[in-house]
Amino acid sequence: MKVAFLTGCYASTVASTQRKERHNDPFTKKFLGRLLTKTHLQRLYREGHNKLAMYDKLGYVIKGLDPDLAEAWVVCGKQWNISDEEATFAFTIGYSLEYRIRKLDEEQQ
C-alpha cells in the first residue's frame, strides 16, 4: 500500500510541474478515473520520472520522494498483497495529500 500512496504523491508532483510549465496537466489523464493495477502504477512512476527529466525538474523529487518510492518498489518486489481498489484508494490519498506533506516538510527544514 505504501508504494501506491507514494506513487500518488509522485504523480501529484509531476502534474503540478506540468501545470506550471505547460499551463495544463495531460499527465493526469493517465490515471484520473481509472482503476490502478500494480503494472499501471509502475508505468506511472517511469513516465512521471521521464516527464520531470524532460522539464529539468528531477530536483523536486530526487532528494526525498524519488528514493523513498524506489525503495518501496524494491521492498515490494514481486509481492503485491492489495487489490486494485485498495491500490487506487492509496494512490488517490497520496495524490491528494502530496502538497500538504511537501509544505510540512519545507516548514520543518
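Helix axes are treated here as lines fitted to C-alpha atoms, for helices over the stretch in contact, and the angles between their N-to-C directions run from 0 to 180 degrees. The model is a predicted one, in which local features need pLDDT of at least 70 and side-chain atom pairs count only at pLDDT 80 or more, while totals for chains, interfaces and linings use all residues. Residues are numbered from 1 along each chain as its sequence is written, and side-chain values use heavy atoms, with hydrogens and water left out.

Helices, taken as DSSP runs of H or I with at least four residues and numbered from the N terminus, are described below in terms of their packing. The axes of H1 and H3 come within 9 Å and cross at roughly 150 degrees. H1 and H3 are therefore roughly antiparallel to each other, a term that applies to angles over 145 degrees. The contact, defined by heavy atoms within 4.5 Å, involves Val3, Leu6, Thr7, Cys9, Tyr10 and Thr13 on the H1 side, and Leu65, Asp66, Asp68, Leu69, Ala72, Trp73 and Cys76 on the H3 side.

Helix H3 consists of twelve residues and reaches 16 Å from its first C-alpha to its last, close to the 16 Å expected at 1.5 Å a residue, where the expected span is 1.5 Å times one less than the number of residues. Its buried residues (buried meaning under 20% relative accessible area, and exposed over 50%, with a 1.4 Å probe and protein chains only) are Leu65, Asp66, Leu69, Ala72, Trp73 and Cys76. Seen down the axis of H3, these residues fall within an arc of 130 degrees, so they line one face of the helix; the arc is that of the directions from the helix axis to the C-beta atoms. The face turned away from this buried side carries the exposed residues Glu71, Val74 and Val75, whereas the cover over the buried residues of H3 includes H1 and H2. After H3 comes Gly77, whose phi is positive, near 50 degrees.

Helix H2, which spans residues 38–54, has 17 residues and reaches 24 Å between its first and last C-alpha, close to the 24 Å expected. Buried in H2 are Lys38, His40, Leu41, Leu44, Tyr45, Gly48 and Leu52. They cover an arc of only 150 degrees around the axis, which puts them on the same side of H2. On the other side of H2, Thr39, Asn50 and Met54 are exposed. The buried residues of H2 pack against helix H1 (2–22), helix H3 (65–76) and helix H4 (84–108). H2 is followed by Asp56, with a positive phi near 55 degrees.

Methods:
Helices (H or I, at least four residues) and strands (E, at least two) are DSSP runs, numbered from the N terminus. Angles under 35 degrees count as roughly parallel, over 145 as roughly antiparallel, 65 to 115 as roughly perpendicular and the rest as oblique.
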